[in-house]
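Have the model open while you read.

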Amino acid sequence: MKEINIIIEKSGFKAIEINNKFASAKIYFHGAHITHFQPHGEEELLFLSKDVIFQGTTPLRGGIPICWPWFGSHPTDNTKPFHGFARNQEWELVNTENNAEEETIVEFQLTENELSINLFPYKFALIAKFTIGKALTVELITKNRDNKPFTIGGALHTYFQIEDINKISIMGLDNVKYLDATDDWKIKTQKGDITFHKLVDSVYIDTTETCIIKDLNRNIEVNKKGSSSTVIWNPWIEKSKGMKDFQNNEYLKMVCVETTNALNDIYEIKPNKTHSLSAKFNAKGLL
Ligand code: BG6
């Protein structure tokens, strides 16, 4: 079997499938959106909804949506798409290679186009670089190709597959301040590990810490660079019912730990300069 295959599904969606000596993975050209990563002999890392919609105008529900060039609502114009436009565009595959450790590197690129110019009037190159090894690394590199500076936010909005939201906890944010989007954006301080009993939508600020999701049979480490905010999200019962691309009880099986450039954690990029946002995801079995 070839290590890399490009496929076109019935929906018309194009994807690259990787199956190397470490793991298998699948990345759609739509959004440069990875929906599957599974080290051989281990559990799937990423959650993907059974009701995911494959249609050019909707982002895929699960995997790692790439939010860019802003996170959440646009700072001044809420008619612009939530979480930016990159997750809803067709990207170009620009490189596949193996590194010295024999991991597979896959790079997608997005540049300015008719739609982006209306939403974000700058010339840019955005590279999404995936390293498929025993761990998964995703790096999002923004390059300013314009002659004036621009400011960006964004996220690797990672949906992790878990055993049971009622039984997991997340370590790494003890004593960190967060804005609680479910409580009028009040500023609060995390005490101890995070557990889930209701809708959670929190932006943790001034944190570069590694988070560890303590699932039943494994710990998933999220190690990040170029980010000093982290978003934790689970839609819980009522919000799940309102999402047409998400089954009512799927909130039990997922948690988002998002490597973000959110709120004030945004970057002004001068012409010809770059910003890199990256995360390494490593799942370790407990046995
Ligand atoms: C999270 C936000 O990052 O994404 C939530 O904090 C939001 O407020 C969630 O509901 C999902 O957003 P979307 O646009 O993918 O449904």
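A residue counts as near a molecule if one of its heavy atoms lies within 4 Å of it. On that basis, the ligand is surrounded by Arg61, Phe71, Phe82, His83, Arg87, His157, Asp201, Val231, Trp233, Lys239 and Glu258. Bear in mind that this is a predicted model, where local features need pLDDT of at least 70, side-chain atom pairs count only at pLDDT 80 or more, and totals for chains, interfaces and linings use all residues. Numbering runs from 1 along each chain as its sequence is written, and side-chain values use heavy atoms, with hydrogens and water left out.

**Ligand**
- The shell around the ligand splits into four nonpolar, two polar and five charged residues; here Ala, Val, Leu, Ile, Met, Phe, Trp, Tyr, Cys and Pro count as nonpolar, Asp, Glu, Lys and Arg as charged, and the others, Gly among them, as polar.
- For polar contacts (pairs of N or O atoms within 3.5 Å), start with arginine 61: an N or O atom of its side chain is 3.0 Å from a ligand oxygen.
- In arginine 87, a side-chain N or O atom is 2.9 Å from an oxygen of the ligand.
- Glutamate 258 has a side-chain N or O atom 2.8 Å from a ligand oxygen.
- On its own the ligand exposes 390 Å², and the protein buries 83% of that (accessible areas by the Shrake-Rupley method with a 1.4 Å probe).

**Largest pocket**
- A pocket here is an open set of points on a 1 Å grid over the protein atoms alone, where a 1.4 Å probe fits, with protein on both sides within 12 Å along at least five of seven lines; lining residues have an atom within 4 Å of a point.
- The ligand sits in the largest pocket, meaning that more than half of its atoms lie within 2 Å of the grid points.
- The largest pocket has a volume of about 1000 Å³, counted as the space filled by probe spheres set on the points.
- Its lining has 44 residues, with Phe71, Gly72, Ser73, Phe82 and His83 nearest the centre.
- By class, that lining has 25 nonpolar, ten polar and nine charged residues.
- Strand β10 gives the most to the lining, with three residues (strands are DSSP runs of E, at least two residues, numbered from the N terminus).

**Second largest pocket**
- The second largest pocket holds about 240 Å³ of space.
- Of its 17 lining residues, Phe47, Lys50, Gln161, Ile162 and Lys253 are closest to the centre.
- That lining divides into four nonpolar, five polar and eight charged residues.

**Backbone**
- Tryptophan 68 and proline 69 are joined by a cis peptide bond, with omega about 5 degrees.
- Proline 69 is in the loop between β5 (66–67) and β6 (92–98).

Technical notes
Helices (H or I, at least four residues) and strands (E, at least two) are DSSP runs, numbered from the N terminus. A polar contact is a pair of N or O atoms within 3.5 Å; within protein, one must be able to donate a hydrogen and the other to accept it, and residues adjacent in sequence count only if both atoms are side-chain atoms.
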